[in-house]
Amino acid sequence: MRYYSKSTDCTYLDRVHSVMPDDVIQISDALYQEVFASPMLGKIRSVDESGLPILIDPPGLTSEERAKQERSWRDQQIDSVLWLRERHRDQLDLNLTPSLTTELFSELLIYIRDLRDWPQSADFPSADARPVVPSWIAAQPK
């Protein structure tokens, strides 16, 4: 027989475990397979009103967690384009023809500024309100 304990969130087999918590309840092999052995991706384990293990959707992120996640995304985006700014400045310092036109360089700087200012936006931390990367940036060789 297979058992589940809400207090330990563990399963037990009577042929293996001679000592089990007081709150164990018998569960079927099918329930064990569904919840413990092969849980659906994206689900987390919980307990229903009867004390049986179930799978549920994870709770949403708190506003602080969303803000932290979006700041991390923002920082990665800035880091991913700084090389373009540095290359442009280096080319100018070396009196070389820059790879970016003045207009593209301006777009790049505006994008970086928008990323830096985004946490102060009224829509932050909504991922739908993220600054949009200019399409030409993705086409740049690295």
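Which residues in H2 meet which residues in H3? I opened my notebook with that one, keeping in mind that this is a predicted model.

**Entry 1: the two helices**

I looked up the contact list first. On the H2 side I found Trp73, Arg74, Gln77, Ile78, Val81, Leu82, Leu84, Arg85, His88 and Arg89. Their partners in H3 are Phe105, Leu108, Leu109, Tyr111, Ile112, Leu115 and Arg116. Sorted by class, this contact between H2 and H3 has eleven nonpolar, two polar and four charged residues.

Next I wanted the geometry. Two packed helices are described by the angle between their axes and the distance between the axes. H2 covers residues 63-93 and H3 covers residues 102-117; their axes come within 10 Å and cross at roughly 155°. Angles over 145 degrees count as roughly antiparallel, so H2 is roughly antiparallel to H3. I also noted the hand of the crossing between H2 and H3, which is left-handed.

I then picked out Gln91, which has its place in helix H2. Is Gln91 buried or exposed? Its relative accessibility is 13%, and buried means under 20%, so Gln91 counts as buried. Leaving aside residues up to four places away in sequence, I found that Gln91 touches Leu96, Thr97, Pro98 and Ser99.

**Entry 2: the sheet**

Time for the strands. Three of them form an open sheet in the order E2-E1-E3, with antiparallel pairing. E2 and E3 stand at the edges with a single partner strand each, so one side of each has no neighbour in the sheet. From one strand to the next, the twist averages 35°.

Helix H1, residues 29-37, packs on this sheet and touches E1, E2 and E3. I noted that the direction of H1 makes about 100° with that of E3.

**Entry 3: strand E1, pair by pair**

I followed E1 (residues 2-5) along both of its pairings. With E2 (residues 10-13), E1 pairs in the antiparallel sense over four bridges. Here Tyr4 stands opposite Thr11, and Ser5 stands opposite Cys10. E1 and E2 form a hairpin with four residues between them. In that turn, Asp9 has a positive phi of about 55°.

With E3 (residues 24-27), E1 again pairs in the antiparallel sense over four bridges. Tyr3 stands opposite Gln26 there.

Last, I checked how the faces of E1 are covered. Arg2 and Tyr4 lie on one side, Tyr3 and Ser5 on the other, and all of them are buried. Both faces of E1 are therefore noted as covered.

Notes:
Residues numbered from 1 in each chain as written. Predicted model: local features only at pLDDT ≥ 70, side-chain atom pairs only at ≥ 80, totals over all residues. Heavy atoms only, no water. Axes fitted to C-alpha atoms, helices over the stretch in contact; angles between N-to-C directions. Parallel < 35°, antiparallel > 145°, perpendicular 65-115°, else oblique. Left-handed = near helix turned anticlockwise from the far one by under 90°. Contact = heavy atoms within 4.5 Å. Nonpolar A, V, L, I, M, F, W, Y, C, P; charged D, E, K, R; others polar. Buried < 20%, exposed > 50% of the residue type's maximum accessible area, 1.4 Å probe, protein only. Pairing = 2+ DSSP bridges.
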